[in-house]
Amino acid sequence: MIELHHLTVGYHGEPVLRDVELSFPAGSVTVLLGPNGCGKSTLLKTALGLLPPISGEILYDGVPLARLSPSESARQAAYMAQSRNIPSITARRMVLHGRFPYLSFPRKYRPCDYEAADRALAAADALSLAERPMEQLSGGQRQKVYLAMALAQETGSIFMDEPTTWLDVRHQLEVMATARRLADDGKAVILVSHDLCQSLRIADRVALLADGSLQMTDTPERVFESGALDRAFGVRVRRVKIDDNWQYFCE
């Protein structure tokens, strides 16, 4: 489990979020929600060690992240970034980058690495893209490949920063279904999303960020019932029950 204790995050010593207490349990989808600029991606990157914390502690299975090497932490948590540079390589070679934490220098891929890459491509519905150059893929196709690269890392936790960017509605639903399946398989899935209604449908837990702090962490139902979403976003969030499931919408 990844735990954040009294974590203050920001840039150049200027806090964006203060004193965050939050954990990401296995088998759950945790969605970080909040208005633009509230610190969702900053918190995500700090939890992964990509940004230094201003204060507080990050624990990976009880061990401070600061004590882990980059390879050790990368074997525990994968990251699907919101945007990346586009290298001149094929999709399969891109996905094989997810195997780097398991390789020593000079990097030489093993049969198990190719197998893991193809499993990840299939899970991301991107196996047909394996031999396509990355620069020839659409934005949505690249997102699938980046998801596959994170899956190829075969970690217990996976962090996704706006994973449905560039995707049409059908593929957005597929990515969210993948997140749900990963959690059901026992992984901790952490999502940053601006899609409030879709996030409430997929999440087991919502961490609501606003006004420089973690406002609350609870089930989507309880966060909705608290009225905190309306206050944070300045909209009216409503819901209806369809086929015994809550469907959320804004007005």
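Asp113 is buried, with a relative accessible area of 0% (buried means under 20% relative accessible area, exposed over 50% and partly exposed in between, with a 1.4 Å probe and protein chains only). This is a predicted model, in which local features need pLDDT of at least 70, side-chain atom pairs count only at pLDDT 80 or more, and totals for chains, interfaces and linings use all residues. Residues are numbered from 1 along each chain as its sequence is written, and side-chain values use heavy atoms, leaving out hydrogens and water.

Let's follow Asp113 to its partner. Asp113 forms a salt bridge with Arg99, a term for a side-chain nitrogen of Lys or Arg within 4 Å of a carboxyl oxygen of Asp or Glu. Asp113 lies in helix α4 and Arg99 in the loop between α3 and α4, so the pair ties together parts that are 14 residues apart in sequence. Helices (H or I, at least four residues) and strands (E, at least two) are DSSP runs, numbered from the N terminus. Arg99 counts as buried too, at 5% relative accessibility.

The structure holds 15 salt bridges, including these:

| Pair | Closest N and O atoms |
|---|---|
| Asp113 and Arg99 | 2.9 Å |
| Arg119 and Glu154 | 2.7 Å |
| Arg92 and Glu131 | 2.0 Å |

Arg119 is partly exposed at 47% relative accessible area, and Glu154 is partly exposed at 37%. A network of salt bridges links Arg99, Arg110, Asp113, Arg119 and Glu154.

As for the remaining pair in the table, Arg92 counts as buried at 18% relative accessibility, whereas Glu131 is exposed at 55%.
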